[in-house]
Amino acid sequence: MEVLSNAAVIWFIAGAVLLLLEFIIPGVFILFFGVGALITALCVYLFEPSLAVQFLIFSATSVLSLIFLRSFLLKKLYKMPDLVDDPDEEFVGEVGECISNIHPESDGKVEFKGTTWTASAGVEIIAGAKVKIIRKIGLILEVEPT
């Protein structure tokens with residue numbers, strides 16, 4: 001039990017527990033307090049600062065690592081996709097299937113990603129043909145045959 005009277009060991013155990021809690025409570029938040037506790041344990045082991053300085057080291061390292069590393073880790077861990085400037089642009093170049101005839105003078109229907117869309121085209125396209133989406137205007141897809 002003499003080991004538990006050492007401040008460095010207590011900070012190390014606290015850091016390890018906080019790191020393990022990150023696996024139980026996801027969100028990439030508790031991790032930084034675990035890192036702060038481990039850095040504090042190292043400082044206590046090397047320099048033996050007072051209790052007030054220990055809490056200052058813990059607070060500073062936890063907050064600084066949270067501020068500077070959280071967004072970086074979230075991007076690396078969760079592979080966040082790049083934001084699309086115009087959400088309508090994500091349709092361009094995709095392929096769907098014509099489910100009702102499309103004429104230059106009248107719209108038809110296209111199935112794309114499991115949803116039926118109204119579609120227009122500059123040429124006649126018969127049902128069953130594959131179509132490429134040129135652009136999306138509101139709720140209407142402008143298509144061309146593939």
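Here is a short walk through the helices and strands of this predicted model. Residues are numbered from 1 along each chain as its sequence is written. Local features need pLDDT of at least 70, side-chain atom pairs count only at pLDDT 80 or more, totals for chains, interfaces and linings use all residues, and side-chain values use heavy atoms, with hydrogens and water left out.

Let's start with helix H2, residues 30-47 (helices are DSSP runs of H or I with at least four residues, strands runs of E with at least two, both numbered from the N terminus). Among the buried residues of H2 are Ile 30, Phe 32, Cys 43 and Val 44 (buried means under 20% relative accessible area, exposed over 50%, partly exposed in between, with a 1.4 Å probe and protein chains only). The buried residues of H2 pack against helix H1 (7-24) and H3, where contact means heavy atoms within 4.5 Å.

Now look at helix H3, residues 51-78, which holds Phe 68. Phe 68 counts as exposed because its relative accessibility is 61%.

On to the strands. S3 (residues 115-120) and S5 (residues 140-145) run parallel, joined by three bridges; strands pair if DSSP finds at least two bridges between them. Here Thr 118 has Ile 140 in S5 as its bridge partner. S4 (residues 130-137) pairs with S5 in the antiparallel sense over six bridges, and Arg 135 stands opposite Glu 142 in S5. The hairpin of S4 and S5 has two residues between the strands, and Gly 138 takes a positive phi near 65° there.

Notes:
Expected span 1.5 Å × (residues − 1).
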